[in-house]
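Student: I would like to go through a structure with you, step by step. Could you begin with any term I need, please?

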Amino acid sequence: MYSSKSLFTFLFFPFLLSISAHSYTHRARAPCKEMVFFFHDIVYNGENYKNATSAIIGAPEWGNRTIMSSPNNFGDMIVFDDPITLDNNLHSPPIGRAQGMYFYDQKDTFSSWLGFSFVFNNTDYKGSLNFAGHDPLMNKTRDISVIGGTGDFFMTRGIATLSTDAFEGSVYFRLRVHVKLYECWKLL
């Protein structure tokens, strides 16, 4: 015979599963907020100190900290403090800064791992958006996670689709960042 506890578990557990599955599968499919930004990265190369926005802070034994390593920049770690703009013009007024790091993590192809924040302080946006994820640079578009935020982006989550909008050798690149937020909170 069944004990009352096992009978309760037998009868109640499927109900819990259906509630859990129902709430999970019926989340909003459309983003609650979408934005497009550009950030401009100018790597220090030993000669461009005045306008550099990033620097190699770690390199493999065979590399150095002013020229990207071969093959495929493998082992280089870069920190950055890049301007964020609403269009692809480096000289447009910045609406914030992209601050963080990336490192090249594969020998056989260009690939990196990113961890950074968009720090906003303007009339349109206040606060920060935080990002992390793998960036297979040879793909036309790549998705990384939006893992939180502050201010206008308090506790937000979503996806950021990256695409390389321009590059000049290993000194300058511009990323287009299409942010799609799926969890948005409004502070009262």
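Tutor: We begin with one term: a residue is buried when its relative accessible area is under 20%, exposed when over 50%, and partly exposed in between. Please keep in mind that this is a predicted model.

Student: What share of the residues in the chain is buried?

Tutor: Of the 188 residues in the chain, 36% are buried. The chain exposes about 11600 Å², and carbon and sulfur atoms supply 60% of that area.

Student: How many helices and strands are there?

Tutor: The chain has 1 helix and 9 strands. Along the sequence, the pattern reads α-β-β-β-β-β-β-β-β-β.

Student: What about contacts between residues at least 6 apart in sequence: what share joins residues at least 24 apart?

Tutor: That share is 47%.

Student: Let me pick a residue. Where is Gly-115?

Tutor: Gly-115 belongs to strand β5, which covers residues 112–121.

Student: Is Gly-115 buried or exposed?

Tutor: Gly-115 has a relative accessible area of 18%, and the limit for buried is under 20%. Gly-115 therefore counts as buried.

Student: Which residues is Gly-115 in contact with, leaving aside neighbours within four places in sequence?

Tutor: The contacts of Gly-115 beyond those neighbours are Gly-100, Met-101, Phe-131 and Ala-132.

Student: Now the rings. How many aromatic pairs does the structure hold?

Tutor: There are 17 aromatic pairs in the structure. One of them joins Phe-39 and Phe-116, with 5.5 Å from centre to centre and 55 degrees between the planes, and this pair is tilted.

Student: Which parts of the chain does that pair tie together?

Tutor: Phe-39 lies in strand β1 (residues 33–42) and Phe-116 in strand β5, so the pair ties together parts that are 77 residues apart in sequence. Phe-39 and Phe-116 are both buried.

Student: And why is the pair of Phe-120 and Phe-153 called tilted?

Tutor: The planes of the two rings stand at 45 degrees, with the centres 5.4 Å apart, so the pair is tilted. Phe-120 is in strand β5, whereas Phe-153 is in the loop between β7 (142–151) and β8 (157–168), and 33 residues separate them. Both Phe-120 and Phe-153 are buried.

Student: What else does Phe-120 touch?

Tutor: Leaving aside neighbours within four places in sequence, Phe-120 has contacts that include Phe-37, Ile-84, Tyr-125 and Leu-129, as well as Phe-153. Phe-120 also belongs to a cluster linked by ring pairs, whose members include Phe-37, Phe-39, Tyr-102, Phe-116 and Phe-173.

Student: How many residues does the largest nonpolar core have?

Tutor: The largest nonpolar core has 29 residues. Phe-37, Phe-39, Phe-118, Phe-120, Leu-129, Phe-131 and Val-179 have the most contacts inside it. At least two core residues come from each of β1, β3 (77–85), β4 (96–104), β5, β6 (126–135), β7, β8 and β9 (172–183).

Student: Which strand gives the most to this core?

Tutor: Strand β9 gives the most, with 5 residues.

Student: Changing topic: how many salt bridges are found?

Tutor: The whole structure has 4 salt bridges. As background, side chains of opposite charge can pair when their charged atoms come close.

Student: Which residue forms a salt bridge with Asp-81?

Tutor: The partner of Asp-81 is Arg-97, with 3.1 Å between the closest N and O atoms. Asp-81 lies in strand β3 and Arg-97 in strand β4, so this pair ties together parts 16 residues apart in sequence. Asp-81 is partly exposed, at 32% relative accessible area, and Arg-97 is also partly exposed, at 29%.

Student: And Asp-135: buried or exposed?

Tutor: Asp-135 is buried, at 2% relative accessibility. Its salt-bridge partner is Arg-142, at 2.6 Å from N to O. Arg-142 is buried too, at 3%.

Definitions and conventions: Residues are numbered from 1 along each chain as its sequence is written. This is a predicted model: local features need pLDDT of at least 70, side-chain atom pairs count only at pLDDT 80 or more; totals for chains, interfaces and linings use all residues. Side-chain values use heavy atoms; hydrogens and water are left out. Helices (H or I, at least four residues) and strands (E, at least two) are DSSP runs, numbered from the N terminus. Buried means under 20% relative accessible area, exposed over 50%, partly exposed in between (1.4 Å probe, protein chains only). Contact means heavy atoms within 4.5 Å. Accessible areas come from the Shrake-Rupley method with a 1.4 Å probe; for residues, only the protein chains shown count as cover. Rings of Phe, Tyr and Trp (its six-membered ring) pair if their centres lie within 6.5 Å; planes under 30 degrees apart count as stacked, over 60 as edge-to-face and the rest as tilted. A nonpolar core is a set of buried Ala, Val, Leu, Ile, Met, Phe, Trp, Tyr and Cys residues joined through side-chain atoms within 4.5 Å. A salt bridge is a side-chain nitrogen of Lys or Arg within 4 Å of a carboxyl oxygen of Asp or Glu.
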